[in-house]
Amino acid sequence: MQNEVTISLDRISKRFGENIAVNDVTFTMVQGECLALVGHNGAGKSTLIKMLLGLVKPSEGDIELMGADSQSSNFVEIRKQIGFLPEQILFQNNMTGFETLSFYSKLKNARQSDILALFERVDLLAAAHQRIATYSKGMRQRLGLAQALIGQPKFLILDEPTTGLDPLSRQRVYAIINEVKNAGATVLISSHALTELDERIDRVAIMNKGALAAIGDVDQLRSSIGLTSMIKLTANHEEMAKIIHHFRHDMVKFEGKQDRLSLRCPIEEKPLLLKKIFELNVNILNIEIVDPSLEQVFMRYTNDVNTVGVEEL
Amino acid sequence: MGEILTMVAKEIRDGFRNRWVVMITLVMALLALTLSLLGSAPMGVTSISPLAVTVVSLSSLSIFFIPLIALLLAYDSIVGEYERGTLTLLLVYPIKRSQIIIGKFLGHLILLSIAIIIGYGFAGIAIAMSSEFGFAKQDWLSFGKLLFSSIFLGAIFLSVGYVISSWVKDRSTAAAIAIGVWLVFVLLYDMGLLAILAADTEQMIGSEVVTWVMLFNPTDSYRMLNLTSSAETASLSGMSGLSQDNKISDLSLLLVMGFWVALPLGLATSIFNRRQL
């Protein structure tokens, strides 16, 4: 069942009057994949998500989710398979957390007996029977996540899932996303928390001014735009002189006080440079490798999208 | 069907939880009681059944009060959830928009019915117990008819309220339109009609035309249904003139009121279906 296409967007555009919110976006997602949708505020992420959910009708193009057109009448049935966490999760304050999940659970025809397990999963069991008015922002966000997990959805859309959460809760959210993904669900995360996402996603889609600036594997995107890795070495004073002599062309910075040297090289040449360093047979005290972050990739694609164009990797 | 019932149950729970039902029931009972007791005082001991007085006072009260509370209940239902941000999430769930409207409508109608039956029923029983004659079986039937048609009147204005709520983008506009609708149907329509009739010194406009024009206002259908139902109520309400000319049967009036529920409800669903978030 792996690699089956669950979501396909075909030349999707959305105009609100003169304003083009989403411009000619095409991509597919396969089952079990985790894709991050990133972009500045107003880049068109939210509109794209609303179109995926069938809430907004595309001006042009077709969206298919698990075999159904998002604008067709049988899409209501497909909604049973979708879990969604909105960017700003809002619940009715006078209901308890349990009543809220019970209501949504009934709409999804999911088992009521699974509700408490959901509370446990997001670490909210103790507050299950409290009114939502008493919940903190983080608790509401976790209740929102529990809500999205009702009925074991096959497609999970999370809009800013870690906003307002402390580091521990963030870890927990990513652990849950991983569990869901391992169970075979397709996950779309829209986020600004680029540093968090880096190691946790399969692919990234970068949106800029309504268009898809790039989509692909993060590592491939990194190298394709010529971003470089940094190798930071610490060594004894005498040893350092040798290293500097050999690698003066790759040198970026030398901090004499700490005896720390920073070298730069294209990502794919990293192993070669390391090999050369070790071949010098000098005594290196510490070595640190810094790859360009997803944030740098993102900045690069969103700053000069015209020169880069859409890249499918 | 399950989705509709889930929606109904939620609306009813909401109504009880925010004490809406309790408040409205209390207000209804108080108003009904005051009106009925005050209304029967000047009668002294007469042959007129206290019921006729009660029905007239209560239906006059209903014409003002029930459309208002129905509109207040309904105007917020869609646009309120939209503004609070809970609508997006609800629409992502496997429930059709028509089911949301029907579920909310039924839930609100049940809440309104509870308030009307308890509020008016309480007043009715109090009057029956304080009256020397008590209520005859016929009296209870008329009283039942009043309750039923009052709920029906509520249903009409709930439907109209959903049209407003699914159409506009913010709550304050919805509230303003709701008040406007109330003013038109409850006050201005009949005042306008009266003004035209008063100006019509040549009597160009026949009574049939007047009856037809009144059919376009559901509050007038309600009025005709209750106030002309017996010679007693008709004379008490000053509707005897109309009552004699009125050849419209109760069934036709109910049919007209039925249209007033179904058409706005259908319109609200159609508007809501096309609404983009």
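Predicted model: local features only at pLDDT ≥ 70, side-chain atom pairs only at ≥ 80, totals over all residues.
Local features require pLDDT of at least 70 and side-chain atom pairs pLDDT 80 or more, whereas totals for chains, interfaces and linings use all residues. Residues are numbered from 1 along each chain as its sequence is written, chains are lettered from A in the order in which they are written, and side-chain values use heavy atoms, with hydrogens and water left out.

At the interface, 27 residues of chain A contact 23 residues of chain B (contact: heavy atoms within 4.5 Å). The buried area between the two chains is about 2,500 Å², with 63% contributed by carbon and sulfur atoms; buried area is the accessible area (1.4 Å probe) lost by two parts on being put together, summed over both. Of the area that chain A buries against chain B, 27% is supplied by L55(A), F103(A) and L107(A), more than by any other three residues.

One salt bridge is found across this interface, a salt bridge being a side-chain nitrogen of Lys or Arg within 4 Å of a carboxyl oxygen of Asp or Glu. R17(B) and E99(A) form a salt bridge, with 2.6 Å between the closest N and O atoms. Helix α3 (residues 97–107) of chain A provides five residues, the largest share of the side of chain A that touches chain B; helices are DSSP runs (H or I, at least four residues), strands likewise (E, at least two), numbered from the N terminus.

D14(B), in helix α1 (residues 2–17) of chain B, touches Q92(A), N94(A) and M95(A), residues up to four places away in sequence not being counted. D14(B) has a relative accessible area of 10% and is therefore buried (buried: under 20%; exposed: over 50%; partly exposed: in between; 1.4 Å probe, protein chains only).

Over all chains, the count is 23 salt bridges. One of them joins the side chains of K181(A) and D202(A), at 3.0 Å from N to O. K181(A) belongs to helix α6 (residues 167–182) of chain A and D202(A) to the loop between α7 (194–197) and β9 (203–208) of chain A, so the pair ties together parts 21 residues apart in sequence. K181(A) is buried at 16% relative accessible area, while D202(A) is partly exposed at 31%.

In chain B, D76(B) and R84(B) form a salt bridge with closest N and O atoms 3.6 Å apart. D76(B) is buried, at 15% relative accessible area, and R84(B) is partly exposed, at 39%.
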